[in-house]
Amino acid sequence: MTATAAGPGDSRAAQLRQTWRDPPGLWGFLTTVDHKRIAARYIVTTLFLLFLAGMLAMDMRLQLSAPGLHRMDPQLYNESFSLHGSTMLFLVSVPVMEAMALWLVPLMLGQRNMAFPRLAAFSYWLYLGGVLMLWLPHAVNITPDLGWFEYPPLSGPAYSPGHRADIWAQMITFTEVAALAASVNVAMTILKLRPPGMTLAKMPLFLWAMLVASLMTIFALPAVMLATSMLIADRLVSTHFFSPSGGGDALLFQHLFWFFGHPEVYIIFVPAVGFVSAIVETFARRPIFGYAAMVLSVLAIGILAFGLWVHHMFAVGLPRLGNDFYTAASMTIALPAGIQIFCWIATIWGGRPRLATPMLWVIGFIITFVIGGLSGVMTASAPLDLQLTDTYFIVAHFHYVLVGGAIFPLLGAFCYWYPKATGRLMSEKLGTLAFALIVGGFNLGFFPMHILGLWGMPRRVYTYPAGMGWGTLNLVATIGSAVAVVGGLVFVANALWSFWYGRRVGADPWGGPTLEWAARSPPPPHNFDLVLCVDSLTPLWKKELTAFDGLALDRREMLVTTVMEAEPIYRQNSVGPSIWPLMSALAVTLLFVGSIFTPWALVWGAVPVAIALTFWFWPTRARASTGPLGRRR
Amino acid sequence: MAEPMERHWLQMPCRHILLACMLFSMPTLPACSRESRSLGPGQPQTPPSGFADPRITYFEDNLYQTAQGGRYFSWYGCAACHGTEARGERDLIAVQLRHSPSFVDVYASIAHHRGVSFGHDGMIPTEQLWQLAAYVRSLRALKREQRRRQDLDQAGEPQAMSWSGTVR
Amino acid sequence: MTQKGHLAFLLPLASCAGAQTPLAPAGDQAAGQYSLLLLMLWVCGILYMLVLGFLAMGLWRLRRGAPAGNEPTLETPSDAVLGKTLWIWAAIIVVGLLLLAGASFLLERRLAAAEAREALLVRVSGHQWWWRIAYRDPRNGSWIETANELHLPVGTTARIELGSADVIHSFWVPNVAGKMDVIPGRANAIDVTPRRIGWFRGQCAEFCGLQHAKMAFDVKVETPAQFAGWLALQARPAPAPEDAAALRGMEIVTRGACAMCHSVRGTSARGRPGPDLTHVASRRMIAAGTLAMNRGNLQGWIAQPQALKPGTLMLPVTLEPRDANAVAQYLGQLK
């Protein structure tokens with residue numbers, strides 16, 4: 001199909017491989033800046049945590065399966081839902097989307113690495129620090145127990161003794177710094193490392209989605225870091241930010257938290273829009289319908305998402321007219337989301353769809369996510385939300401949105417790009433079984449929660465009295481969740497089995513339209529032998545592909561292009577493996593962990609950080625060579 | 001080149017992660033009994049048997065029990081005389097620094113306290129006496145502004161026979 | 001499952017758990033919210049059906065025959081029609097949203113309008129994990145305190161002032177009105193206009209710590225006459241003990257640990273941290289909606305609160321069996 005899928009015997013490929021490969025062994029593992037390796041460990045970590053947090057959910061479902069059970073005491077239950085929510089939101093959903101971007105963005109751009117390779121490594125190590133920050137204390141029974149949003153004063157110094165709340169707050173700082181690092185990297189890569197010819201108007205929707213999600217991350221995350229840092233300050237150095245009798249305001253925390261918290265939901269959902277668009281395009285065998293409408297709706301979501309955080313706070317007693325404004329803003333977001341749904345179905349309609357597993361996940365996504373979107377419209381209404389908020393209706397709603405809207409597309413994306421990552425196909429039979437179990441189990445488990453919420457069951461209760469009539473549906477919900485968990489295990493088994501025994505395939509098993517399918521499967525360390533050129537949205541569906549030459553073979557170089565038109569402007573040296581991202585992450589970890597015990601950690605902890613960063617940025621290379629490039633065919 | 005890169009990340013990280021876990025968990029290990037929360041019945045029914053009573057260490061170290069003690073300290077009106085602004089013999093921090101009384105002494109002085117209004121002997125259940133004593137002992141390590149900050153959060157809590165109303 | 005099925009499914013079942021659900025409204029506010037919910041279910045149900053229908057038909061077109069080879073199509077003649085349909089779809093969404101946003105705005109106005117009709121003031125304070133409730137005495141304007149049981153006269157708009165003594169709670173009686181958070185430092189209030197006589201149940205709806213699950217309360221909506229009678233009873237000091245055992249119980253309550261936290265008006269027990277016990281036996285439940293009020297539960301609650309509500313701030317009081325009996329006897333007479 002393409003001139004670039006050169007054979008392994010090619011000496012040029014061998015030389016590039018030699019230039020871009022990591023040192024062998026443990027040293028290579030610790031120093032790698034290969035975006036594929038970093039993304040792979042990111043993804044494996046998030047999937048492992050997804051499993052752990054899923055088990056916590058199962059434990060809670062068992063506790064709730066009948067009224068008045070005693071298998072968990074309130075402390076354990078509170079710890080479980082706090083750990084479940086915090087892990088799923090901060091350590092699974094957001095990082096896994098960034099990880100997918102780290103893996104896919106350079107490949108989809110025909111590039112050899114991210115714009116800031118070491119920042120990607122730093123991002124992972126710091127994220128791992130956040131994971132350990134939450135889960136190691138859990139192993140020694142110091143678990144945050146106040147939910148995934150720890151409202152003061154409950155999380156303040158008087159009502160939350162010990163370090164449980166600090167651990168939660170600092171885990172957020174970890175993961176948010178990691179997420180900021182990843183987002184800056186992704187945004188920069190998409191803006192400056194596009195292949196020649198890929199103007200903004202010819203950029204695949206996945207890249208648009210990741211660009212928007214990254215920019216949203218950059219704007220949203222500082223708010224929550226501010227909120228949690230103020231909380232730590234209240235707890236550690238007795239400031240009064242959230243103490244009403246000291247002149248502070250308990251609501252301030254909620255505003256800051258949700259100013260991040262609502263965009264967060266879209267930071268998770270928007271990448272899924274990218275997955276779905278890519279899958280639909282490939283399996284409908286036609287370009288996506290309504291590309292411009294899709295791009296505009298993603299942008300609209302990215303902007304609107306910042307204007308509706310108050311819909312999480314309708315019950316706190318804000319002025320009613322203000323609430324109505326946020327109702328209108330929240331409902332407006334249904335328009336771009338509805339347009340996206342239409343465009344996907346229209347693409348299926350206008351194409352000739354093939355129902356492989358990734359496509360099944362898209363169908364499961366549409367059926368499930370639209371329910372979540374519509375229940376979102378209901379909760380967006382300020383007066384109605386007064387009945388719905390903080391009940392199981394909300395629990396059902398956000399699981400439909402997050403699992404149906406983000407995890408289903410993610411699983412589809414996993415199946416879709418799996419052959420690219422491993423060179424092997426996943427089993428379709430096991431894949432279909434996992435799909436049926438997960439989608440069926442999920443809907444069986446979570447649909448009843450809408451009704452439970454309407455029957456008055458509040459969320460975050462560790463038990464409920466027998467007379468409330470909530471027992472039967474809770475039992476159904478537990479059974480559904482168990483089915484979904486079994487489906488999840490089948491999915492993992494399929495991934496593992498296929499890793500060793502799946503059918504071997506070539507570069508492009510699905511006939512995909514975008515550049516990543518031009519690389520070998522699995523991609524070599526340098527991804528592509530040549531710099532590919534693009535002149536349409538679906539370059540690989542053209543008869544022939546143009547390619548550039550001219551990047552060095554003996555050192556790491558990448559081609560930088562202009563932001564709008566993707567005109568080549570210069571070759572940039574790309575940095576090689578380094579231990580300093582890991583060392584910097586360790587130094588930052590020391591600072592963060594220390595600062596929940598003493599404010600002085602900020603002072604002495606800054607010293608190792610400064611040392612590590614100095615070594616990281618120590619100039620070791622000549623200036624990048626500049627000048628115009630010749631176009632070769 | 002001989003071996004695909006993808007094998008590494010499945011096999012290599014295990015050792016590394018284990019190592020990191022061990023390093024990371026060291027500072028948290030001693031903290032685990034401090035943070036534990038034991039709910040439900042089965043709390044102490046008798047006063048401390050002596051200086052070596054093992055329950056003393058548990059109560060003094062446990063942050064949950066200490067915090068509960070702080071709550072009852074305010075509920076029982078202790079803060080009216082022994083609050084943040086207390087001076088002289090009523091300043092529990094100063095008294096402790098001066099005389100360094102043991103847990104048993106503190107417990108006994110609360111249990112047999114002869115305050116302005118009433119004695120506490122037999123009125124405060126044993127478990128709360130343990131918690132109160134643990135709280136009073138913990139005051140030594142609490143900075144004055146930290147104590148004041150906690151009072152701010154608890155400004156709406158009732159104190160013995162008076163309640164100034166909810167937090168405004 | 002569809003939204004339409006959802007509607008048919010939940011309505012008949014609403015009656016079987018009717019004491020704590022927005023689906024069986026017993027007040028103006030809840031009734032408005034219920035109508036809006038029904039409108040939402042219809043509009044969203046129709047939109048969902050349109051999406052499902054479009055998707056099903058798109059997949060049905062698979063039967064046109066398997067793709068020839070795996071070649072992608074770059075020419076898509078049907079796109080012009082689909083493009084027009086997209087505009088129609090966007091228009092449908094906009095109309096639906098305008099309808100819902102408009103209805104929601106009108107309801108918000110109606111909820112706000114209740115303020116003009118306020119005729120009764122009730123103060124509710126959230127404590128970890130129970131509710132302090134106070135009414136004005138119609139005779140002298142002083143506050144009468146009770147706990148965990150809210151009485152409201154039918155047809156009267158009551159303004160409920162919400163305050164918190166510790167952390168954030170949320171006041172929610174779904175049958176009567178939506179919820180309102182109880183936030184330290186904020187003077188929140190909610191207007192409720194109950195229209196149906198009966199017992200309802202409210203529950204804390206914002207996570208507030210260990211026993212958030214067992215922070216409920218009862219609401220009794222009654223005729224104005226019944227309400228006036230109840231309030232007059234609550235205003236009275238506690239009745240004197242009727243027998244020797246109760247007298248002994250009173251001695252223990254007023255001289256022992258109970259009085260540290262509880263008040264029994266008319267006796268020397270004047271503790272404020274816990275619920276007022278002056279007319280505790282007139283209430284339907286104890287321990288914030290956790291246990292039915294009866295002698296066995298009372299005795300069990302006093303002896304082992306941590307077993308019934310782990311983490312509660314109620315202290316376990318160890319009493320001789322005879323004394324425990326006496327205390328229960330006394331409290332049982334506090335009607």
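## Strand pairing in chain C

In this predicted model, Leu120(C) has Ala158(C), in strand β5(C), as its bridge partner. That pair belongs to the contact between strand β1 (residues 118–127) of chain C and strand β5 (residues 157–164) of chain C, which run parallel and are joined by 8 bridges.

Strand β1(C) also pairs with strand β2 (residues 130–136) of chain C, and here the two strands run antiparallel, with 6 bridges between them.

## Packing of two helices in chain A

Helix α8 (residues 250–284) of chain A packs against helix α11 (residues 334–350) of chain A at an angle of about 15°, and their axes lie 9 Å apart. Because angles under 35 degrees count as roughly parallel, α8(A) and α11(A) are described as roughly parallel to each other, and the crossing of α8(A) past α11(A) is left-handed.

The residues of α8(A) that meet α11(A) include Phe269(A), Val273(A), Val276(A) and Ala284(A), while on the α11(A) side Gln340(A), Trp344(A), Thr347(A) and Ile348(A) take part.

## An enclosed helix in chain A

Helix α12 (residues 357–380) of chain A has 24 residues, and the distance from its first C-alpha to its last is 34 Å, close to the 34 Å expected at 1.5 Å a residue. Of the 24 residues of α12(A), 22 are buried, so this helix is largely enclosed by the rest of the structure.

Definitions and conventions. Residues are numbered from 1 along each chain as its sequence is written. Chains are lettered from A and ligands numbered from 1 in the order in which they are written. This is a predicted model: local features need pLDDT of at least 70, side-chain atom pairs count only at pLDDT 80 or more; totals for chains, interfaces and linings use all residues. Side-chain values use heavy atoms; hydrogens and water are left out. Helices (H or I, at least four residues) and strands (E, at least two) are DSSP runs, numbered from the N terminus. The expected span of a helix is 1.5 Å times one less than its number of residues. Buried means under 20% relative accessible area, exposed over 50%, partly exposed in between (1.4 Å probe, protein chains only). Two strands pair if DSSP finds at least two bridges between them. Axes are lines fitted to C-alpha atoms, for helices over the stretch in contact, and angles run from 0 to 180 degrees between N-to-C directions. Angles under 35 degrees count as roughly parallel, over 145 as roughly antiparallel, 65 to 115 as roughly perpendicular and the rest as oblique. A crossing is left-handed if the near helix is turned anticlockwise from the far one by less than a right angle, and right-handed if clockwise. Contact means heavy atoms within 4.5 Å.
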